[in-house]
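Please look over the structure shown here before reading on.

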Amino acid sequence: MSLEQLIQDCKRNKLKAQSELYMLYSSKLYSICLKYSRNTAEAQDNLQDAFLTIFSKIGQYQNKGSFEGWLKRITINTALQRYREKGIFNIINEDIIDDTVEVKDHENLSLDYLLNLIQTLPNRYRLVFNLYVLDGYSHKDISEMLNISIGTSKSNLARARIFLQKKIEEDNTNLESQSIL
């Protein structure tokens with residue numbers, strides 16, 4: 001079945017098409033959910049909520065732009081909505097911090113290690129970091145998505161980078177001290 005036909009059948013609420021769409025995109029969307037979640041259980045909840053939204057709003061998809069991009073946007077917004085409801089952005093500190101961070105020996109860091117580190121970031125830092133660094137949104141876009149100022153977005157990104165740099169340096173120091181023993 002073509003993607004266009006699959007979308008049309010989903011618009012008609014055909015369960016087989018919805019199941020096929022889920023099977024086709026669930027792993028990609030789940031990886032997005034993991035980036036914006038603290039753990040796998042939260043990511044699974046976000047994925048389920050995202051698909052509920054996708055199926056309820058698929059009639060709004062006008063075949064303009066990438067369908068996968070549309071799915072990703074809904075998935076990201078679903079995860080962000082959970083944080084908006086929790087009010088993690090109510091405390092706003094707009095102190096601008098220099099957002100350049102140097103990490104020594106970064107070529108030796110595995111992707112899994114980095115993703116695990118990112119998941120340890122405080123929510124507001126993790127969300128801004130993921131949106132800016134991993135998904136390529138501008139600070140203006142992030143400020144609108146999270147209902148924060150551009151300055152807060154920049155500050156949270158800088159703080160996330162500092163947090164990650166310190167954690168990497170701590171882990172490197174721990175490894176070096178263990179290798180001496």
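Predicted model: local features only at pLDDT ≥ 70, side-chain atom pairs only at ≥ 80, totals over all residues.

## Helices H6 and H7

Helix H6, residues 123–134, and helix H7, residues 139–146, have axes that come within 10 Å and cross at roughly 140°; the two helices are therefore oblique to each other, and their crossing is right-handed. On the H6 side Val128, Leu131 and Tyr132 take part in the contact, meeting His139, Ile142, Met145 and Leu146 of H7. Sorted by class, this contact has six nonpolar residues, one polar residue and no charged residues.

Ser143 is also located in H7, where it is buried at a relative accessible area of 9%. Leaving aside residues up to four places away in sequence, Ser143 touches Ile148, Ser149 and Ile150.

## Salt bridges

The structure holds eight salt bridges. One of them joins the side chains of Lys35 and Asp135, at 2.7 Å from N to O; because Lys35 lies in helix H2 and Asp135 in the loop between H6 and H7, the pair ties together parts that are 100 residues apart in sequence. Lys35 is buried, with a relative accessible area of 18%, whereas Asp135 counts as partly exposed at 27%.

Within H7, Glu144 and Lys140 lie four residues apart, about one turn of the helix, and they form a salt bridge whose closest N and O atoms are 2.8 Å apart. Glu144 counts as exposed at 51% relative accessibility, while Lys140, at 47%, counts as partly exposed.

## The Asp9 network

Asp9 is buried, with a relative accessible area of 8%, and forms a salt bridge with Arg12 in which the closest N and O atoms are 3.0 Å apart. Asp9, Arg12 and Lys14 are linked in a network of salt bridges.

How values were computed:
Residues numbered from 1 in each chain as written. Heavy atoms only, no water. Axes fitted to C-alpha atoms, helices over the stretch in contact; angles between N-to-C directions. Parallel < 35°, antiparallel > 145°, perpendicular 65-115°, else oblique. Left-handed = near helix turned anticlockwise from the far one by under 90°. Contact = heavy atoms within 4.5 Å. Nonpolar A, V, L, I, M, F, W, Y, C, P; charged D, E, K, R; others polar. Buried < 20%, exposed > 50% of the residue type's maximum accessible area, 1.4 Å probe, protein only. Salt bridge = Lys/Arg side-chain N within 4 Å of Asp/Glu carboxyl O.
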